[in-house]
Amino acid sequence: MAATVLLETDCPTEAATASLAAALAARLRAGDMLALTGDLGAGKSTFARAFIRARLGDADAEVPSPTFTLVQSYEDGDGVEIWHADLYRLSEPEEAYELGLDDAREAGICLIEWPDRMPADWWQGALEITFTIGGKGERHVRFSSDDAAWAGRLQGLVA
Ligand SMILES: Nc1ncnc2c1ncn2[C@@H]1O[C@H](COP(=O)(O)OP(=O)(O)OP(=O)(O)O)[C@@H](O)[C@H]1O
Ligand SMILES: [Mg+2]
């Protein structure tokens, strides 16, 4: 995706990553997609878990990693469906149809780990969040998108 970098920040602790996710969660709506990228263990599921807990308004909600199920779905208090997918084990892009992601990306909020495994045009317009691990274990978090509308929506997200 030909993306423009919109925002970059560092999360020194897991708690910092979780509060960033919660702040973003308050700004999203049905039809939005987050493409969570970065190496194994970089923090994609940690971010997604905190995002989902914030939307559910339940800090202790069970949010298992969809490593083996590939997708897990939730419904928040406003009736918005939240889909959390980990496509690392997707055998071919077309399998994403069988998971129901084609409908989900229009109807709800989708958080997709390893989005490069699905058809490329499915994540056009998504907000891509890329995690990299720094020298002190901190997570460098970069927001980018090919949809300019995200710039305004991220304004003030990070102090
Ligand atoms: N600042 C931080 N932000 C997020 N996670 C952190 C941070 N510091 C340490 N961690 C740890 O890093 C790990 C991140 O694992 P996580 O499952 O979120 O990675 P992932 O990107 O989803 O990997 P995978 O590609 O295997 O799904 C967790 O064990 C978490 O506790
Ligand atoms: Mg993960």
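**Reading the sheet and the metal site**

Modeller: In β5, L111 is the bridge partner of L34. Please keep in mind that this is a predicted model.

Biologist: How do the strands β2 and β5 pair, parallel or antiparallel?

Modeller: In general, strands of a sheet pair through backbone hydrogen bonds, in either a parallel or an antiparallel sense. Here, β2 (residues 33–38) and β5 (residues 109–113) are parallel, with four bridges between them. By contrast, β3 and β4 (residues 81–86) run antiparallel and are joined by five bridges; V71 has A85 in β4 as its bridge partner. These two strands form a hairpin with five residues between them, and G79 in the turn has a positive phi of about 80°.

Biologist: In which order do the seven strands lie in the open sheet?

Modeller: The order is β1-β7-β6-β2-β5-β4-β3, with mixed pairing. Because β1 (4–11) and β3 (71–75) each have a single partner strand, one side of each lacks a neighbour in the sheet. From one strand to the next, the twist averages 15°.

Biologist: Which strands does helix α1 lie across?

Modeller: Helix α1 (residues 14–25) lies across β1, β2, β6 (127–133) and β7 (139–145), and runs at about 140° to β1.

Biologist: Which residues coordinate the magnesium ion?

Modeller: The magnesium ion (ligand 2) is coordinated by S45 through OG and by E113 through OE, at 2.1 Å. S45 belongs to helix α2 (residues 44–56) and E113 to strand β5, so that distant parts of the chain, 68 residues apart, are linked.

Biologist: Are S45 and E113 buried or exposed?

Modeller: Both S45 and E113 are buried.

Definitions and conventions. Residues are numbered from 1 along each chain as its sequence is written. Chains are lettered from A and ligands numbered from 1 in the order in which they are written. This is a predicted model: local features need pLDDT of at least 70, side-chain atom pairs count only at pLDDT 80 or more; totals for chains, interfaces and linings use all residues. Side-chain values use heavy atoms; hydrogens and water are left out. Two strands pair if DSSP finds at least two bridges between them. Axes are lines fitted to C-alpha atoms, for helices over the stretch in contact, and angles run from 0 to 180 degrees between N-to-C directions. Contact means heavy atoms within 4.5 Å. Donors are N, O and S atoms within 2.8 Å of the metal (3.2 Å for Na, K and Ca); water is not among the atoms, so sites may look incomplete. Buried means under 20% relative accessible area, exposed over 50%, partly exposed in between (1.4 Å probe, protein chains only).
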